[in-house]
Amino acid sequence: MGFEVDVRHTSGSVDGQPPSTPTSTYIQLAGWTKVVLFIRALLSKPASALGLIIFVVFLFLALFGPFLAPYGVNEQIAADAGQPPSAKHWFGTDNLGRDVFSRVVLGAREILSLAGFGTAIAVLFGTTIGLASGYIGGWFDEILMRIFDGLLAMPLLLLALLLLGTLGPSKSSVLLVIIIVYTPIVSRVVRSVVLSVRQRGFIEAARLRGENLPYLLFREILPSVLPALAVEAALRFSYAIFLVASLGFLGVGVQPPSPDWGLMVREARNNVNQMPWAMYYPAAAIAVIVIGVNLLADGIKRVLLESK
Amino acid sequence: MVKYLLRRFGFLILTLLITSMVIFAATQLLPGDVARVILGREAGEAALQALREELGLNDPVPVQYGRWLVNFVRGDWGKSYSTKSEIRPLVIGRLRNSLMLAVVILVISVPVAIFLGVVAGLNENKWIDNVVSIASLAVVGLPEFVTGLVLIQIFAFRLRWFPANSSIRPTTSFLEALPMLILPALTATLVLLAYIARLTRAGVIEELKQQYVRTADLKGLPYRVVIFKHVLRNALIPTITVIAISMGWLISGLIVIENVFNYPGLGRLMVFAIDRRDLPLLQAVTMVAVLGFALSNLLADILYAILDPRIRLG
């Protein structure tokens, strides 16, 4: 035990409950109808609507940031160093004369891409391993799961720091750490759903038809796993943002002069009394996106797993 | 009960063994040569070879792991690469500081969290429940360093009630340190509070629906007795385990919080070890943290078994 009941979804599903078997009607519907219904369901509750809006805004910043930012990410205007927010510099400037607003805007791409790619790759690996492990079972399953138990028997931040300590702090290390830490978690979730559908008739039928293993895993079993997987991916993504920001703040993640928000907070700390804006705007950006993505993940969970 | 405890203890040892392998394996990922990291670029081949021999780096990895584990259990944690001093006294001193902070955190957060959770649960969907629920949802998502910096701004810079910097000395006594512990503890409390309160609320709501509660109510027992003797006794069982298990969060949270407040605990030592690429120190700190985590999980299980006979007998 230990890892199932978990604070702030640092591992496994958020409530420590095993993912329920999918009962959602969304599986049967196809194409755009599904997407529209899904978004409508998210917008129907204020909390998840707010989360979705926040996420879309930040996604927009991440995609089009370079067109929106008035200054370059490391453009130093020595004459303007340490200025409070004004019409020229909306969020003020830091001690090196860099425009805080531009850096916050450009940092959105930094954090969303790192957390997004890390989560996506981990979900890909985790799904493949979880499907295979759950379906094949036996020794293969046993050995993999014991290795994962070992990895997850410590708090995730501890594991992340341990890995970063050996890999050395850099952007690619952070990406690698997210993948190593999340792959076991995702594959456990996928595996538990596979175990619950493995004995169903349609899978037996496909096997008797003589379908090969990849077909069985990805065409027959995967659709049943998708709702639980989507929920888990959303939770992972929200915690990945949290992790990237925290590692940046600790100085063991992304390195200067990157506009990573956690790193910006770290760099601005020493001058917080003279220019608080250089620290509080990036900190606020972290707070808003983390809460937004949390609300969104909560909403996705409500729509996919709890709707009948 | 004895049998249950023995089984649980065996499981603890097994977990620790696997985790120690993970810790050792992770530190083997280091690209390059440890001897060169220690001696620097200019070191001659002879000196490198001598150091490799001294550190046992020429042996096969399983042999190295075995030696490291045996030494660790015997209390020989080796020397730090960066400070060249013995690791154990350093880590133990920092552990004391982290534990001091953890105690203050639990003493503040647990009673308040249970109180808020019970109040919210008993008033499900009334305004007080909504306030507690929304506030805890907002706080629980915030990274600790954001919360901590906001508290510093308010209580240290504006109000000047507490210091912003908590860098205590090894000789500082608990009472002397207490004012410096308040802000870091408050930061951790905000998150822990939200988490424990949410679970307590869920437990209370769940129990209120049970048949025996209705029976107790219908046979005319006073509301107070129904709540305290029936509902809370059962509703708080999961909460107690959650508190023990939230040590896992506390360890992660402390790493960040100690760095926000410059508090010399294990978390700061760990970041120091990473900065200096000090692998033996990193291994030792991680082992101690994992040991603490595993022991608190064991404690949770024992408490659970004491409170709920179905677990130990089932």
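I looked up the secondary structure of chain B and found 14 helices and zero strands, where helices (H or I, at least four residues) and strands (E, at least two) are DSSP runs numbered from the N terminus. I noted that this is a predicted model, in which local features need pLDDT of at least 70 and side-chain atom pairs count only at pLDDT 80 or more, while totals for chains, interfaces and linings use all residues. Residues are numbered from 1 along each chain as its sequence is written, chains are lettered from A and ligands numbered from 1 in the order in which they are written, and side-chain values use heavy atoms, leaving out hydrogens and water.

Next I looked up the domains, whose bounds come from an automatic or database domain assignment: chain B has domain 1 (2-74) and domain 2 (96-312). Their centres, taken over C-alpha atoms, are 33 Å apart.

I then turned to the place where these domains of chain B meet, and found 14 residues of domain 1 in contact (heavy atoms within 4.5 Å) with 17 residues of domain 2. The buried area, meaning the accessible area (1.4 Å probe) that two parts lose on being put together, summed over both, is about 1500 Å² between domain 1 and domain 2 of chain B, and carbon and sulfur atoms give 80% of it. On the side of domain 1 of chain B that touches domain 2, helix 1 (2-27) and helix 4 (61-73) each supply at least two residues, and helix 1 gives the most, with eleven residues.
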